[in-house]
Amino acid sequence: MVTAAELLAVAAFSDGKYAQAFPSFGSERMGAPVMAFCRIDDTTIRTRDAVTCPDVVIVQDATLLHQVDLFAGLTLRGFVLINSTRSLNALHLEEFLSALPVGHVCAFPASDLGLKYLKRPLANAPLLGGFAALTGLIRLASVESAIRQRFPGEIGEANVASVREAYDHVTALTAEQQGILRR
Amino acid sequence: MSTERIKFYQTGTFTAGNRLLDEATRTVQSRVDRTNSLNSGHRACQGCGEALGARYALDAAMRASRNQLIAVNATGCLEVFSSPYPESSWQIPWMHSLFGNAPAVASGVAAALRAKGRDEVTVIAQGGDGATVDIGFGCLSGMFERNDDVLYFCYDNEAYMNTGIQRSGSTPPFARTNTTQAVADHPGNPVGTGKNVPRIAMAHGIPYVATASVADLHDLERKVTTAIGVQGARYLHIHVPCPLGWGSDPAHTMKVARLAVESGLFPLFEAECGTVVRSTPIRRKVPVERYLELQTRFKHLLGPPQDTNAIAAIQAIADANIVTYGLWG
Amino acid sequence: MDHKPFAITLDPGSSLANHTGNWRTMRPVYADHLPPCNQACPAGENIQAWLYHAEEGAYEQAWQQLMQDNPMPAIHGRVCYHPCESACNRGHLDEAVSIHAVERFLGDQAIAQGWRVACAPRTGKHVLVIGAGPGGLSTAYHLARMGHQVTIHEAGAQAGGMMRYGIPKYRLPREIVDAEVARIQSMGVTIKLNSRVDDLEATMAEGRFDGAFLALGAHLARRIEIPGFDAKRVLDAVTFLRDIEGAARPKLGRRVAIYGGGNTAIDVARSVERLGMEPVIIIYRRDVGHAPAFASEITEAEEEGVRFQWLRRIAQGDASTLTVEEMALDEQGKPQATGRFETIEADSVILALGQRADTGFLRRVSGLRVREDGTIEVDETMMTGCPGIFAGGDMVPGEQSVTVATGQGKKAARHIDAYLRGTTYSKPEGHGPATFDHLNTWYYSDADASKQPLLNLVRRRSSFDEIVGGLDADNALLEARRCLSCGNCFNCDNCYAVCPDNAVIKLGSGKRYEFNYDYCKGCGLCAEECPCGAIDMVKEVT
Amino acid sequence: MNVQMEGSQAVAEILACCRPEVIAAYPISPQTHIVERLSAKVARGEIGRCQFVNVESEFAALSVLIGASASGARTYTATSSQGLLFMAEAVYNAAGLGLPIVMTIANRAVGAPINIWNDHSDSMALRDAGWIQLFAEHNQEAIDLHIQAFRLAEALSCPVMVCMDGYVLTHASEPVDLPDAAHVDAYLPPYQPVQLLDPNDPVSIGAMVGPDAFAEVKYLAHHQHLRALDLIPELTQAFEQHFHRQSGGLCSPYRMEGADIAVIAMGSVIGTIKDVVDELRRASIPVGCIKIGCYRPFPMLQLRGLLEGVSRVIVVEKDLAVGVGGIVSADVQRTLSGRQIPVHTVIAGLGGRSISTSSLKQMILEARAERLTEPYFLDLNKTVIEQELARRRDIRRAGPVAEHILRTMNVMGTKVS
């Protein structure tokens with residue numbers, strides 16, 4: 001998760017934006033619930049306070065959905081990206097998030113993509129691809145370069161592949177949502 | 001022939017020098033050109049065993065290292081009596097930092113020398129038993145475990161003398177100190193306490209560990225010289241009587257140390273990579289009483305009435321050492 | 001490093017500014033204490049000193065040191081009963097240093113190498129010495145060294161006195177005596193043989209002597225009557241020994257009894273053995289424990305087959321037997337008659353009951369007092385009642401032995417010299433004895449004494465060859481090195497090494513040490529760790 | 001070179017350019033990332049013959065550097081919180097011996113209760129040990145301060161702590177400009193020790209000093225710190241000329257022109273405060289802020305100058321002198337002695353509590369309205385405090401406070417709220 005936030009910042013950086021990424025520091029053991037934050041702006045970011053009103057929430061572990069109020073302070077035009085094999089319906093979120101603009105909410109099996117390309121259920125890269133597709137705040141190319149920077153060689157390429165599929169996947173899903181709406 | 005003859009020399013090889021011996025078999029201390037690493041004018045008590053032990057060890061180290069040596073000193077008597085502003089007794093590059101960190105400071109000196117490619121310089125760390133077996137023990141163990149290129153001298157006078165004779169982890173059983181007083185049913189230092197740092201040093205598997213005594217100069221200098229020739233962490237535990245703390249006559253410093261060795265209470269041995277490889281045989285065995293009776297810290301045992309159990313217990317320790325280290329020549 | 005941090009960083013060795021000497025209440029001082037060997041030597045030899053040179057293999061130096069006190073080392077190395085060795089501190093450790101063996105080695109070396117002693121410039125004084133025995137020769141030697149002219153008058157045909165006529169060849173080969181006497185003569189000492197002095201004053205006047213030393217020795221044997229025993233078959237030891245020294249072989253018969261328990265009796269018995277007689281019997285009134293003869297002599301005699309009849313008194317005799325009475329010792333160890341008698345076969349008896357000096361002719365000399373037993377009274381300077389006339393050796397009261405005589409010779413020479421110069425001689429003050437408790441023996445390694453070779457029994461019983469052999473150079477060196485150097489620094493460097501305050505200054509190898517009282521705190525470690533006890537701790541004068 | 005990078009990694013990168021010869025390391029969060037990266041760089045031989053010593057404690061870490069520095073080596077270590085306190089004795093010793101060691105403090109709270117998050121309690125605990133203490137506002141400044149720190153330390157023979165907020169900076173990924181080694185070399189000359197353990201020129205270092213000279217030794221240490229107050233501006237100026245960017249310095253004002261209220265703080269919270277200042281200025285409230293970049297020595301003169309014409313001062317500090325209140329504010333008060341203006345102490349961000357723009361804004365307005373309690377604890381949960389105090393009144397043996405508070409709040413350990 002922390003890595004995801006960092007990669008996001010790097011991607012934004014290569015987009016020429018200013019970014020600030022930081023984890024919420026628990027004495028984390030592997031697998032324990034974690035939060036990480038990322039600020040992206042067109043000017044220097046000076047503030048250091050915690051992100052209390054996010055514009056985007058990425059949920060890597062859907063099992064947390066009903067334990068903690070993950071969406072507290074989410075802005076009205078905010079985005080939500082969830083890593084799950086289940087649909088928003090199945091997750092009982094459709095109504096809960098209905099206030100958000102159409103196409104701002106999306107659930108997709110990022111871990112499966114990780115499994116597919118990286119042989120391990122790593123959701124980070126796919127989620128970043130999803131983020132780019134869902135929000136359009138950063139360019140897909142930037143995400144790819146950030147990933148290549150961090151993981152040179154094969155692993156990097158495998159990640160990139162997962163990013164691309166995720167990107168297409170999410171683009172399709174949101175398009176579909178808008179389609180539904182048009183009808 | 002000449003080696004055969006030495007036995008017949010007036011004094012064998014046991015004195016410091018003797019004009020009848022060839023240069024090579026005389027001690028560094030007998031040389032006119034010895035360093036006197038710890039020079040005159042220091043403020044040690046009369047007959048101080050530690051002052052003597054330090055000069056013995058460092059002069060030998062200076063000679064063996066061709067005067068390329070840096071010494072780090074823990075807080076304690078040795079430091080206080082040798083370096084009060086504005087006068088220092090040290091003739092060698094010397095540094096004092098704290099009570100508990102001499103081994104680490106020495107590791108730092110060694111690291112700096114390595115960084116600067118000055119591998120010819122030997123690094124010495126030294127301290128009393130308090131600094132070594134107690135407060136500095138963590139740093140000592142770290143220096144050992146990293147096998148840093150440091151030779152450590154522990155001058156063991158078996159209590160905190162600088163602060164006025166308090167019990168240390170090296171204080172022998174039954175000994176009286178100001179924190180193990182000779183009162184109540186079990187006077188003196190409790191039996192079954194204390195630690196044997198030479199053995200612990202050996203457990204680190206470092207290349208060289210040895211014990212020595214100011215009473216056997218030839219043996220001590222040989223061990224220092226051997227240690228200088230070895231790379232990595234080395235430990236030399238030197239027995240140095242303290243007239244003040246032991247309640248012995250300043251003139252008896254050597255005698256007391258000698259009796260500790262001859263009784264078997266302070267075994268002289270060498271270990272390489274965790275195994276004892278040599279021990280120095282006892283020349284003229286004596287019962288522990290000969291040792292105890294010269295020190296008021298054991299007065300309460302000698303009575304009257306004599307604490308025969310205690311003395312038997314101490315004798316048992318000596319006898320065990322004699323067996324363990326094969327001290328019969 | 002000119003801007004060193006203030007106070008926390010200091011210059012090396014700057015503590016030299018701090019003189020810790022003022023802590024001192026006791027101060028160490030180097031002292032040369034009197035070693036027990038020196039103290040015990042009747043000839044007053046500085047044994048520790050000459051051994052010190054011998055330890056280094058500097059034998060001539062050692063011999064020269066020895067010759068300061070004793071002109072006849074080769075002889076003394078053989079015949080002296082070495083009280084020095086009984087006193088030797090090493091005896092407490094393992095075995096006494098075999099001093100006499102080293103002394104003999106040096107003496108023999110000197111003879112072989114022809115070493116010489118230097119003499120002081122002539123003084124023009126002339127001294128008469130009567131008697132060329134050990135006492136006379138010793139005095140003459142020392143006076144000659146001091147630059148005086150000496151003439152010895154000897155009644156006998158050869159010089160040596162009791163060394164020649166009292167001690168058998170097998171203990172003291174005559175060529176040794178000749179060599180050491182010759183060396184003394186070579187120093188300008190004149191010896192007139194066969195010239196008996198009957199009128200001292202006349203001889204003095206005629207030779208214009210400035211002083212005289214009388215060392216006639218004791219050549220008159222004590223005799224007793226043995227009732228019923230033919231007096232012609234009763235000889236005395238002195239005569240017997242003098243006779244066998246010459247070609248004469250006295251008629252003794254097959255079975256010889258010797259009467260007496262002293263060393264002379266043993267000498268006689270062993271000589272008789274060598275003349276091929278039947279088992280010789282020594283008869284003595286007291287038991288072996290009370291016999292004046294040395295135990296070693298008795299054992300050697302027994303080895304050679306001499307038999308002893310202890311606690312017996314010769315009562316009477318007849319043609320071929322002696323009747324002896326059994327004695328018993330009372331509380332005082334005096335023999336008392338028991339009334340029990342027995343007889344032993346004997347063809348002849350040799351009396352070894354002691355000797356006295358023939359000093360009758362001196363009674364005429366004014367002021368000179370002759371005692372009952374024939375000995376002459378002398379004061380502490382060895383001078384008789386008559387000014388300028390000194391006396392020593394067996395003819396003055398006291399123990400009678402070659403070494404004692406030699407020692408007295410030296411003593412007399414010093415006083416005669418003083419007398420001739422019109423001064424007085426006084427012995428220099430010493431530092432007191434170096435007793436065993438002065439030593440720190442831990443530093444000495446064990447080393448057994450080197451044994452001198454002994455002649456095998458057959459040759460011993462059949463010839464007058466010397467019994468005891470000498471040490472070779474190696475043994476002598478090792479033996480010398482067994483010396484503990486009691487009370488005298490031998491440069492072992494201990495004090496220099498054990499001083500916690502570096503307050504001992506080493507003056508260079510072999511040059512001893514000095515204390516640096518600026519820093520010495522007076523702890524006393526140096527004194528305690530000095531192996532030979534050559535450092536004293538004395539109260540600081542405040 | 002501009003990069004987006006985690007603070008710790010950036011610091012490690014710049015340290016490599018400073019060419020340390022001995023690095024000692026003992027793990028403690030949140031400092032660990034720095035030395036981890038350095039160990040790799042040393043192993044790869046990217047820092048010459050530099051020795052990386054894995055020690056058994058922070059006490060040993062600094063002790064190793066004491067020996068190495070006295071032997072003429074440029075030395076570095078990093079620590080936090082309990083780690084700094086565990087080496088406390090050596091911290092005083094290094095300063096007393098005048099050894100120019102540079103140490104990064106990844107600022108973290110000091111337990112108990114054990115807490116790994118950021119505040120300034122650790123470096124505050126050792127503010128009087130004789131070390132120079134520099135505080136970084138953001139990661140760019142953090143790396144720049146390290147370059148300056150070596151030059152400063154070696155010029156004065158005085159050790160320097162570079163303090164950067166734990167996690168907030170050490171673990172934050174931000175854009176930074178990393179100068180290259182050659183560029184750093186040109187600014188930072190090789191170390192020339194004033195005292196040295198050298199077999200060819202022996203000295204005794206670390207003498208015992210008695211009443212006759214101890215005060216003088218201490219005065220001279222003080223004097224060195226006063227010299228630092230002159231030297232630091234020179235160094236930062238030289239730095240600006242060389243690297244073309246402002247960084248470090250004793251204290252720097254932000255929008256103080258015409259300011260009536262000055263908010264003073266140290267470290268990363270400055271950024272947040274600047275945002276608040278902008279916002280309030282938009283609402284035409286005349287507030288400005290001053291960053292203290294060098295806390296020891298304390299730049300009284302400079303601060304006093306910046307506070308001319310201000311009528312109210314608010315000191316926001318991430319520490320607490322229990323039983324007293326502010327620590328930095330006490331220094332500020334001393335600075336303003338003689339001037340009759342209110343100096344508010346605001347204790348904020350203890351143990352990692354986030355300092356929000358809203359709370360800060362609110363606090364400033366309250367202060368302006370004279371409604372601040374002294375000292376003022378930002379975002380203190382009053383209900384919990386009252387409950388706990390009440391509980392103590394009732395039950396005599398109340399048990400551990402912290403756990404009980406957590407229980408009543410049922411806060412999730414990993415949640416930032």
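**Figure 1. Domains 3 and 4 of chain C in the predicted model.** Two residues are taken to be in contact if their C-beta atoms, placed from the backbone, lie within 7 Å. The structure shown here and in the legends that follow is a predicted model. Chain C is divided into four domains, of which domain 3 covers residues 126-219 together with 357-421, while domain 4 covers residues 221-354. Seven residues of domain 3 of chain C are in contact with eight residues of domain 4 of chain C, and the side of domain 3 that touches domain 4 is made up of four nonpolar, two polar and one charged residues. The centres of domain 3 and domain 4 of chain C, taken over C-alpha atoms, are separated by 31 Å. The remaining parts of the division are domain 1 of chain C, with residues 19-32 and 489-539, and domain 2 of chain C, with residues 36-116 and 446-480.

**Figure 2. The contact between chains B and C.** Four pairs of chains touch, and the pair formed by chains B and C has the most contacts among them. To this contact chain C gives 49 residues and chain B gives 45 residues. On the side of chain C that touches chain B, the elements that give two or more residues are α17 (494-498) and α18 (525-529) of chain C. By class, the residues on this side of chain C divide into 24 nonpolar, 15 polar and ten charged.

Figure 3. Chain B has 13 helices and eight strands. Its radius of gyration is 19 Å, close to the 20 Å that the globule rule gives for 329 residues, so chain B is as compact as a globular protein of that length. The C-alpha trace of chain B spans about 60 × 50 × 40 Å along its principal axes, and 62% of the 329 residues of chain B count as buried. Among the contacts in chain B with a separation of 6 or more, 67% are accounted for by residues 24 or more positions apart.

**Figure 4. The contact between chains B and D, with a strand pairing across it.** Here 38 residues of chain B meet 37 residues of chain D. The elements giving two or more residues to the side of chain B that touches chain D are β1 (69-73), β2 (94-96), α4 (102-115) and α6 (137-145) of chain B, and the largest share, eleven residues, comes from α4(B). This side of chain B consists of 22 nonpolar, 14 polar and two charged residues. Strand β2(B) pairs with strand β9 (residues 204-205) of chain D in the parallel sense, over two bridges, and Trp94(B) has Ser204(D), in β9(D), as its bridge partner.

Figure 5. The secondary structure of chain D comes to 15 helices and 16 strands. For chain D the radius of gyration is 22 Å, close to the 22 Å that the globule rule gives for 417 residues, so chain D is as compact as a globular protein of that length. Taken along the principal axes, the C-alpha atoms of chain D fill a box of roughly 70 × 55 × 55 Å, and 53% of the 417 residues of chain D count as buried. Residues 24 or more positions apart make up 79% of the contacts in chain D with a separation of 6 or more.

Figure 6. Chain A and chain B do not touch, and their nearest C-alpha atoms are 27 Å apart. Chain A does not touch chain C either, the nearest C-alpha atoms of these two chains being 43 Å apart.

Definitions and conventions:
Residues numbered from 1 in each chain as written. Chains lettered and ligands numbered in written order. Predicted model: local features only at pLDDT ≥ 70, side-chain atom pairs only at ≥ 80, totals over all residues. Domains from an automatic or database assignment. Nonpolar A, V, L, I, M, F, W, Y, C, P; charged D, E, K, R; others polar. Helix = DSSP H or I, 4+ residues; strand = E, 2+ residues; numbered from the N terminus. Rg over C-alpha atoms; globule rule 2.2 N^0.38 Å. Buried ≥ 20, exposed ≤ 12 C-beta atoms within 10 Å, placed from the backbone. Pairing = 2+ DSSP bridges.
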